[in-house]
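Hi,

Here is the model I promised to pass on. Have a look at it first, then read my notes below.

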Amino acid sequence: MSTIDYSEKIPNNVDLANDKTLQRALEHWQPRFLDWWREMGPSDFASVDVYLRTAVGVDAQGWAHYGTVKMPDYRWGIFLADPIADRTIGFGDSFGQPVWQQVPGEFRSQFRRLIVTQGDTEPASVEQQHRLGHTCPSLYDLRNLFQINVEEGRHLWAMVYILHAYFGRDGREEAAELLARHSGDVDKPRILGTFNEPIEDWLSFFCFCYFTDRDGKFQLKSLAESSFDPLARTCRFMLTEEAHHMFVGETGLGRIVRRTLEVMKEIGSDDPGAIRRRGAVDLPLLQRYLNFWFSSSLDLFGSEVSSNAATTFANGIKGRPDETTQHEDHVCADSAFEIEVPDGKGGVMKDTSPMRNAMNEVLRDAYIRDCEIGLKRWNMQIKRAGHSFELRLPSSRFRRAIGAWANIPTDLEGRPIGREEYHRRMAGWLPSASDRDYVKSLMQRVVEPGKMAAWIAPPERGVNNLPVDYEYVRLN
Ligand code: BYC
Ligand code: FE
Ligand code: FE
């Protein structure tokens, strides 16, 4: 089961050749996907050779196979992790029963909604990053961008396969719609807020990989617990690819911090103006970008208290990350979860919710803890360099657009404040127009092998044991 048949038009490990109807439907969608890629993907780089990782199998040996490819020739396909024998339902009302190989009719629309929402984010991110290649800080980074783009394209394939194979005509229509909505489009935007935010510079890109791909990790881990086994297996394989995206985010931001510290040492100052004159990213500027992308990504978990979340948990549709190893009570029928909500008088109060309804918040809490790890590492770098500045995650109440804190003005610590004060102080909390202009001015492309833009330090090592100065992208 773990080998992927690359002689097929659509590489797959799901025995597609033996289901002619499904094969035909997917072969009909394939040219539309390629048209979308040519139009909305990294289109100006269609003819360049890129050193990319392609899966040739889903096991430890097979999933990381490297070679030089032109992106439109990347072999997007359908790869599911191997089945787990006798797998049983891990949570909810049907705990302990055998998992499902088909979607139970009564849960069809709930499944469809989650799969479409997940699928929508994948091409959205490619669209958001459409033009970034032109301003790459190095060939190494350019290659990483393209690796992420082709893999997000494959994640779209993963969801489209599920829609086509298990949702009949509705599924085919949804698969077409996944190529019809576009990031930031006024008439047909992508479903979730963050995926309509422009990513026009590499600082935003690294923040997106750090914060937003990490939401992907948590959502995919939750869907990997699903009782609908084909969905669980698809998500399990997607997670192996996802790890690289977060790596790019964490190391990208870490390299920016390192470069800034070098500049601070050279000039003997932490004055943002002086740092900017040397073409680096001052730490308060970085903090404002972190504030923006973190708060936006927090909304991707949905409302603190959600009847959707309760239903999908009860029905065994969407679990919690690492359900088996991280939790003892897998049914959560009568436990409660404490949440903090606005008290309606300008303050904060504690409230309790049935545990099942609070699953979005349980997930968001775990996500926030995971986000802290990188900040600890960067703060260690800063401290070791002898500075007292600390990067921090804002409160999860800050600048929310979804849930109990939506449109409640708070400061970075999550203290409710007046609307007027909120707008006045926002300039210090989020990237200002002049911050963005400055960052934009840094985005000059660097394409000499091994060379880096002045605002970012080189990576510690290259890709797949190759040197940092390897020509990861051959531009002509
Ligand atoms: N923006 O009951 P609620 C990734 C909607 S990232 C706009 O609280 P629920 C990736 C919500 O849809 C991972 N709308 O929500 C990363 C609902 O609308 P309807 C993506 C939002 O259902 C980087 C209404 O508000 N994975 O893979 O409990 C690069 C009420 O909400 C937002 C998934 O999303 C928002 N931020 O939870 C590439 C997993 N948030 O239906 C890829 C699948 C909520 O009433 N999705 N709404 O019109 C889900 O699990 C759930 O749909 C959500 C929402 C967690 C998103
Ligand atoms: Fe993805
Ligand atoms: Fe990703």
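One term before anything else: I call two residues in contact if their C-beta atoms, placed from the backbone, lie within 7 Å. This is a predicted model, so local features need pLDDT of at least 70 and side-chain atom pairs count only at pLDDT 80 or more, while totals for chains, interfaces and linings use all residues. Residues are numbered from 1 along each chain as its sequence is written, with chains lettered from A and ligands numbered from 1 in the order in which they are written.

With that in hand, take Q23. Setting aside neighbours within four places in sequence, Q23 is in contact with L16 and A17. Q23 sits in helix α1, residues 20-40 (helices are DSSP runs of H or I, at least four residues; strands are runs of E, at least two; both are numbered from the N terminus). Q23 counts as partly exposed because it has 18 C-beta neighbours inside 10 Å (20 or more other C-beta atoms within 10 Å means buried, 12 or fewer exposed, in between partly exposed). From the C-alpha of Q23 to that of V48, 25 residues along the chain, there are 30 Å.

Now the whole chain. The protein chain has 13 helices and five strands, and 44% of its 476 residues are buried. Its C-alpha atoms fill a box of roughly 65 × 60 × 40 Å along the principal axes. Of the contacts between residues at least 6 apart in sequence, 68% join residues at least 24 apart.

On to the inside. A nonpolar core here is a set of buried Ala, Val, Leu, Ile, Met, Phe, Trp, Tyr and Cys residues joined through C-beta atoms within 7 Å. The largest one has 65 residues, and F206, C207, Y289 and W293 touch the most other members. Elements supplying at least two residues each to this core include β1 (49-54), α5 (202-223) and α8 (283-298). Another core, of 41 residues, lies apart from it, with I4, V14, V160 and L223 among its members.

Finally, the ligand. What surrounds ligand 1? There are 25 residues around it, the closest being G216, G302, S303, S306 and N308 (C-beta, placed from the backbone, within 6 Å of the molecule). Two or more residues of this shell come from each of α2 (108-128), α5 and α9, and α2 gives the largest share, six residues.

Cheers
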